[in-house]
Amino acid sequence: MKYFTLSLLFAFSSIASAWQDPDYAAIVSYKRGDSRAAMRVVEENIRVGKAGSQEIKNMEENLANILSGESTYDGKLFACKMLWIIGSESSLEKIGKLLSDEKTADIACFALATQASKKVVPLLLDALPKAKGRAKIAIIILLGEKRDASAVGALAGISGANWSFAVSALGKIGTRDAVTALASMRKKDGIDLSTLDAALLQAAQEMGKRGKQGECVTLCRDLLAQAAVQHIKRGALSVLATADPKAAAKEINAILAKPGTPLRSTAISLAGTLPEPLVRSTLLARMASLPATEQVDLLIALEAREGTAFVDALHNALNHKDQNVRLAAIGGLAKEGNADSVNRLVALMLKAATKESAAARQSLVSSVHEDANKALLDCLDKTSGTDRSRLIGVLTDRRAKGSVSKLVKLCSGQDQETMTASFRALGVMGNCQAVGLMVRALSQLESSEVRNEAERAIGAAAKRTKHTLPITSAWKRATVPEKRASLLRTMGYAPDENTFGEVAGALADTDHAVRDAAVRTLAGWPGPEALPPLLSVLGSTNNDTHRVLALRGAVRLAESAKREKTNLFKKIVPHVKSDADARLVLGAVGKLADPEALKLVEEVRRDGVKAEADRAVAEIKKILKK
Amino acid sequence: MSKKSGSISRRRFLAASTAFSVPLIVPASVLGRGNSVAPSERITFGSIGVGNRAKRVIPHFIQQEDVQYVAVSDCRADRLKAARRLVGGQHGSEACRAYPDFRELLAQDDIDAVFIATGDRWHSLATSYAARAGKDVYCEKPISLSLLEGRKMVETCQRYGTIYQAGHQRRSVDSYRFASEVVQKGMIGNLQTVEMQVWRANPIAHAREEPVPEGWDYDTWLGPTPWKPFVPAHVNGWNYFWDTGAGMIAAMGCHYTDLMQMTLQTDDTGPVEFEGQAKWPDPVKFYSDTPISGEVRCKYANGVTGVMVQRRQFNDRYIRYIGDEGWIQVDDATNRVTAEPESILSLRGVSSKSWSQTGGHIRNLLDSIRSRKPTVCAPETAHRAMSICQLMNICLRLGRKITWNPATEQVVGDDEANRMLWRAPRSPWIV
């Protein structure tokens, strides 16, 4: 073994030494485990080299020389992979020599597969009789991939273990001669008919691709009539539908005419892909006679189509006695529907809650019909109350921005359900202009239920559009305390610099309702800027409710502060008055990772909260220990 | 219930098995899990490739009331044994046939459909073999390793009328569908960029050949790829070699290109330009040859740009749609959706299904098997999504911009790039 290894090393070193270029020398003797540096150099040179340039030609020559020498398998494999990209007729001969060896035939085929040269097929045909085992199979397969008619004779003569590969190759070549050769095999004894039919099916597909519709149709019809297995027949119908829809329609009609015939589902699905007149003469002509489950399949097949050619069929199906058919039609109208479909779906949606009502809503929300929004808006005028609010919900989910002006008008109506739904919709869709109009509508509101929704919606729209000016302007103009309070609450839903200034300023308002709204709004304010005014409330108010609200707000903001938490709590602790206050503060202080927090606990400690204080101390110590 | 062409209503359970033999005739009730769907109406499944991914997905199949799992196959005996136990266990029985050679599984008449979760090198090939055997297919991603291989798979499925679902299951997950709908409804304005992030790869070091472990059919493991000696680290890290995988841009990126295609409604076409740069493994230390990191851009004819970025960690993967009025992003590891403006999120449904749940995607396949209607990720759709990743890889490997004609599926004026669209499989495998 030792001597063998040494002699092998010597052999490789002498081969390598014949190379001028050290990178190629390294590749010649390459074995797994070695550095790929030399290979990377070649890959890089191919990357930057210009196709057809002298550099690339030189590289091709070097790579081809690797194949003809006593290189390692890995070296040859690498060379073939590079010739896969840059190989030309110049390297054909040297690649060809690898075809006779079972160990290298595959990598040779790998390199040859991408060569467009007409000399490749003769090279393969020349090697075919001499090759054995997997080398022969590799050549047969590549001859099929090359789809060259000149290989038909050689392939047709192959029998025995390689017969199935040859038959498959003939199917890929798919010329008239190839088909004749395949057809003639059917008469032979012991033939695997499913392999033969598979090759004929492939030949049919190849003919269809090459525009030979007549021959394709004949082959498909033959297979539909005589194929040994069902899935070949299914395939023949599929290929036929692509190659010749008219011929396919005829076959589909025949299948659908007889109940219980195999391939019915395939026939229905394929019929859905045919041109419109053929769909009418196949599927739609037979629709009434089909069982409900097949009618569902039919509607699904129609749904997959582009356009609205079959909207009438879908409308008819809405009245079908079978619920599944009706549901399929409702689903189909999302894609296929027109303005009339929208009216029908609205009517269905507004019926009592059923599966169909929910499906109709979903269909309306996802309808791709270009005038769906307009049709829905027309429907709005014909409805009121709950029905109208449900329609507004659909417009909202559709993000129908074109409905904004209409919805703004509806905010100022009399119908509370409509007003609530309109405000909610505008909260999601309203633009800058809508914010101003919504604020105006808010000022005219009398119902408190609608007002709550309106405040939230205006806040949401203002926050989204970053347009709070209409709210603060209205606040400055407003004189009625209830309306001023309402605007403050609205500002709480749209927190920014401007609104914060107004809310904080309102703490000093002379009216109790306004001050109350300001404290409540600040108590829920999301940003740390609210902490100083809340502490100020804590220090100044005589209103116990306001004190509690301010304390809660301050504790929440101190807890969520990113730094100096302990210092913030130091400012809060002096305002603790009751056991409830102490519990609230201890719950938060107990989470601080600061020894100073222990002092804060002691400051807050009192008889009624002894247990909570002890727990806070324990928690702080636990955190500090970590 | 509609009948699948000549098969669903007939349950056959007559097949003989091979190595891990079970009774020749198995009554349907033995395999049956529930009583709500008659055994005669269940869709029978077999698995090709039963490694880690299969272990996670097979339970989703078994959970479906109208699925009957009857067989598994793998070229590794250890995996075959474990999978047989998994399927048998979930069915309340050990009755699951096992085949070392997937062709034997495909020859069984009582199997309607297969779940393919082999290594990537086998995906399109096994799909083609299954289609030729008349089986419907659920195939894991990436669905092919070369562009032409994918096209051939599409044609094979078309030729046999095969119902096919690619494992691009994010297409069926609420969060991604929601993001897609948001974009399509113009809620972030005009879409300008789709940003997709996959993780940085760990290159695989050089190593020497070792004996093939007992119970491995290594030749079948290699399948259509050029023969190479058994090197454990290279076998385990197959994702990072062009021979056996396609790197992370394809392996994970195909989920995102699929979502991009779905959102742009370009399922039957694709971008027209590709350009990018990658960092490659140090050839002195490493044998793997796919990129470690990189960035590659593709541009659609309408000006929308897709940017695939390979960087950071596994948990940092995401897809983000950027419009001229906002953006929406889905973080893959958490299934979290974020957006600007934030109000968009109020439209989201209540479903919290994550990307790892394939149930809805599988349900869609089962419904399609019955109706023969194409699935949500039919061959052409899956192929086009995969093509984008393959072209990104070609662009990176050649280190230059390429112009793509999606109609002819040819690179314009670049013969070298066009050659890289096809890799002939090793014999005796036929795509």
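Colleague: Let me start from a definition: a polar contact is a pair of N or O atoms within 3.5 Å, where within protein one must be able to donate a hydrogen and the other to accept it, and residues adjacent in sequence count only if both atoms are side-chain atoms. By that rule, how many residue pairs are in polar contact across the interface of domain 1 of chain B and domain 2 of chain B?

Modeller: Happy to look, and do keep in mind that this is a predicted model. Domain 1 of chain B covers 28-170, while domain 2 covers 171-352 + 380-419. With both residues at pLDDT 80 or more, the number of residue pairs in polar contact across their interface is 18.

Colleague: Which element gives the largest share of the side of domain 1 of chain B that touches domain 2 of chain B?

Modeller: Two residues or more come from each of helix H6 (147-160) and strand E6 (164-166) of chain B on that side. The largest share is four residues, and they belong to H6(B).

Colleague: About how much area do domain 1 of chain B and domain 2 of chain B bury between them?

Modeller: The contact joins 24 residues of domain 1 of chain B to 40 residues of domain 2 of chain B. On the domain 1 side, B:Arg121, B:Leu147 and B:Arg170 supply 34% of the buried area, more than any other three residues. Carbon and sulfur atoms hold 60% of the total between the two domains, which is about 2700 Å².

Colleague: And which residue does B:Arg170 form a salt bridge with?

Modeller: The interface of domain 1 of chain B and domain 2 of chain B has three salt bridges. In the one formed by B:Arg170, the closest N and O atoms are 2.8 Å apart, and the partner is B:Asp332.

Colleague: Now to the two chains: which three residues of chain A lose the most area to chain B?

Modeller: Chain A brings 68 residues to the contact and chain B brings 69. Together the chains bury about 5700 Å², with 51% of it from carbon and sulfur atoms. On the chain A side, 14% of the buried area comes from the three that lose the most: A:Arg32, A:Arg47 and A:Arg234.

Colleague: Which helix gives the largest share of the side of chain A that touches chain B?

Modeller: Between chain A and chain B there are five salt bridges, one of them joining A:Asp34 and B:Arg208 at 3.3 Å, N to O. Across this interface 36 residue pairs are in polar contact, both at pLDDT 80 or more. Nine residues of the chain A side, its largest share, come from residues 230-243, helix H15 of chain A.

Key. Residues numbered from 1 in each chain as written. Chains lettered and ligands numbered in written order. Predicted model: local features only at pLDDT ≥ 70, side-chain atom pairs only at ≥ 80, totals over all residues. Heavy atoms only, no water. Domains from an automatic or database assignment. Contact = heavy atoms within 4.5 Å. Buried area = accessible area lost by both parts, 1.4 Å probe. Salt bridge = Lys/Arg side-chain N within 4 Å of Asp/Glu carboxyl O.
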